[in-house]
Each structure stands twice: as C-alpha cells, then as structure tokens.
Amino acid sequence: MSESHSSTGPERQSVSPAPATTEPSSGLRPGRLIARLRLLLGLRGDPSVRETLEELIEEQAVATDAMAPDERLMLRNILGLRDVTVGDIMVPRADMVAVDCAKPFDDIVDYMVEAAHSRVPVYRNSLDDVIGMLHVKDVFAASRAKDGTPEVEALLRPVLFVPPSMPALDALVRMRTARTHMAVVVDEYGGIDGLLTIEDLVEEIVGEIEDEHDEEEAPEVAAEDDGTIRYDARTPLTDIEDRFGPFLTEDEREEIDTLGGLVATLAGRMPPVGTQVRHPSGFEFEVVEADPRRITAVRLLNPPQAAPAPVEE
C-alpha cells in the first residue's frame, strides 16, 4: 500500500539518473568545494550562507564535471526547501482520506484497502476532531486475532499536529523526532487544514516518488453536445491556456493553479451548483458539481474558436 496521500505542492525539479562523470580539468576541484561547503555550513548565523552555496553549485557546474547533474538538482532543491512551508506541500483537507472511529471495524478495513494507504487519520464525529492514526500493520494484526471484533480506538497511534506556516524543514525534524510518518495540519482555530507525510517532504528534494499503487489520474475533460466543455475542477490552468491561448493575468498565474480555484476567485466565495461567472478575457464558466467546501466540476460555456486576448494588467 502507498503510505502517503498524493499532493500537489510548489513546482520542484525531479532528479533523474546522472550520466557518467569525467575528471575535472580546471576550476573549483571537488576537494576544495567540499572544504568550502564545510566552512559555510559551520556559519549557521550568516544569512548569506545559502546564497553562497548556490553560487558554489553554479560555479562547480560551469568549471567541472565533478558534480553530477542529479546531485546539483538535489542540492538546489534542499536549499529551496528553506522557503517552503507545510501549507505549500500538504494534502488539502478536501483530498484527505480519513475514517470515522464510529464505523464498524470491517468497514474501516475495506476502506483502507480501497484507498491503498498504509496510514489513515481517524476522527470522532467530524474531521476537525482527529483522535489518532491507524496503521495497516496494526489493522492486519487485529484482523487476525480470534478474540472478537477489535476496538478501533484501542489500535490508534498518536498523531502529530503542525501549523501550515511551519517551515517544511522544521516539520521534517519534528516528524523524525516523533518517529512518525504523518502529521495533521491545523489552522489557528484548531480546524483541520490538511495532511502532511514524510513522502511529501522527501519528494520536495528528490522529485515525485511513485510506487506500484500510484495511478496517474488525469483530470477529466468532456466535450458536450451543445458545444460546451466540461472540466474536472482540478484541471491546471496551464492546460486551459495551452489549448486556447494565454488569457490570465500575471497575478492569476502566480496565485491560482486550478480551474476550480479560478472560478471560486471570480465568484468571490465558494459558489453553489449553477453559479455562472465571467472572466475579464470573455470566458464564461458554470459550476456543475460542488459541495460546501470545494468545486468538483466546471463547464466552459463559450469555448472560443480562436485564442482569447490576454487580460491587460
């Protein structure tokens, strides 16, 4: 089973197998680079350490082949992780997989099998009251016991709570210290914002990690008989612009990732089914499916034959 929920965070570079390296002929040699890195890493209070490290990486890339491309990418990703917060990479609340402790044990087992997660948060009454985490090893052992139906709450493991503003590196340290692979993200009022796993953090360094249970699910797109187009609300806005041409403002590109997010922004609230909104570029959208927390499907009412004019800032 996959031990993490999939997440969509800030863009990162994936590490790929590196080609064979050659002996450097000039410039900053490996021994000198390592010595300078050690010196810099000792200067913990110097705010320019990271910038100097980045310059060293670039200098090494130009001067020699001693550092493989995948090593340079990992170093850059590690340095960039300093600016990443938990909120940037967590699984949003709407996409969390969690179970109610009141469910029968057999139903919980079936749910975990279907979700293909090795760890699942458990709540009481509502998702804002997470009381622990179920691990598949504990569930499997309990299901093999012959002394009656197991009590779900007796199988719970403690869960770590972190704020969305916490730096990702600090979260990694806390999770390692607590020896847990999962943390629940809570807002300032104690409500659940999302979920963070060790895999989410590691992927920020090495790129996407896929196992045998990961299935690539592209957002659905369907052309309707009336000429409109139905989109999964998770459809990246880059896909829309690739198809119809640029139409977003720079602020929209910076702040909004998905079609559902754009529609909610245009509406100024979480719109109910049937809400129609118009983008300044001329695009008109209708909410087809939604619940109180998120939009799940959107219809483009007037797909253009030609690319729309970009919106002026």
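Colleague: Which residue stands opposite Val185 in E7?
Modeller: Gly194 does. Those two sit on strands E6 (residues 182-186) and E7 (residues 192-197), which run antiparallel and are joined by 5 bridges. Two strands pair if DSSP finds at least two bridges between them.

Colleague: Before I go on, what sort of model is this and how are residues numbered?
Modeller: It's a predicted model, so local features need pLDDT of at least 70 and side-chain atom pairs count only at pLDDT 80 or more, while totals for chains, interfaces and linings use all residues. Residues are numbered from 1 along each chain as its sequence is written, and side-chain values use heavy atoms, with hydrogens and water left out.

Colleague: Okay, back to the sheet. In what order do the strands come?
Modeller: The order is E1-E7-E6-E5, an open sheet of 4 strands with mixed pairing. The edge strands are E1 (91-92) and E5 (160-162), and each of them pairs on one side only.

Colleague: And where do the side chains point in a strand?
Modeller: In a regular strand they alternate between the two faces of the sheet.

Colleague: Which helices lie across these strands?
Modeller: Helix H7 (residues 168-178) lies across E5, E6 and E7, and runs at about 165° to E5. H8 lies across E1 and E7, at about 65° to E7. The angles run from 0 to 180 degrees between N-to-C directions, with axes fitted as lines to C-alpha atoms, for helices over the stretch in contact. Contact means heavy atoms within 4.5 Å.

Colleague: Is H8 enclosed or open?
Modeller: Largely enclosed by the rest of the structure, because 7 of the 9 residues of H8 (residues 198-206) are buried. Buried means under 20% relative accessible area, exposed means over 50%, and partly exposed is in between, using a 1.4 Å probe and protein chains only. The buried ones are Ile198, Glu199, Asp200, Leu201, Glu203, Glu204 and Ile205.

Colleague: What about Val86, buried or exposed?
Modeller: Buried, with a relative accessible area of 1%. Val86 lies in helix H4 (residues 86-89).

Colleague: Which residues does Val86 touch?
Modeller: Leaving out residues up to four places away in sequence, Val86 touches Val162, Pro163, Pro164, Met166, Pro167, Ala168, Ala171, Val185 and Leu196. As for Ala183, 97 residues from Val86 along the chain, the two C-alpha atoms are separated by 9.9 Å.

Colleague: New topic: which residues have the most contacts inside the largest nonpolar core?
Modeller: Leu259, Leu262, Val263 and Phe285, in a core of 20 residues. A nonpolar core is a set of buried Ala, Val, Leu, Ile, Met, Phe, Trp, Tyr and Cys residues joined through side-chain atoms within 4.5 Å.

Colleague: Which elements give two or more residues to this core?
Modeller: Strand E9 (229-232), helix H9 (237-244), helix H11 (259-267), E11 and E12. The largest share, 4 residues, comes from H11. Another core lies apart from this one, with 17 residues, among them Val162, Ala168, Leu196 and Ile198.

Colleague: How do E11 and E12 pair?
Modeller: E11 and E12 (residues 295-300) pair in the antiparallel sense over 5 bridges, and a hairpin joins them through 4 residues. Ala290 has Ile295 in E12 as its bridge partner.

Colleague: And how many bridges join E10 to E11?
Modeller: 3 bridges, with E10 (residues 276-278) and E11 (residues 284-290) running antiparallel. Val277 has Phe285 as its bridge partner in E11. This hairpin has 5 residues between the strands, and Gly282 in the turn has a positive phi of about 115°.

Colleague: Which phi does Ala116 have?
Modeller: A positive one of about 60°, although Ala116 is not a glycine. Ala116 is in the loop between helix H5 (105-115) and strand E3 (119-123), and counts as buried at 16% relative accessibility.

Colleague: Asn125, buried or exposed?
Modeller: Exposed, at 68% relative accessibility. Asn125 is in the loop between E3 and strand E4 (130-135), with a positive phi near 75°.
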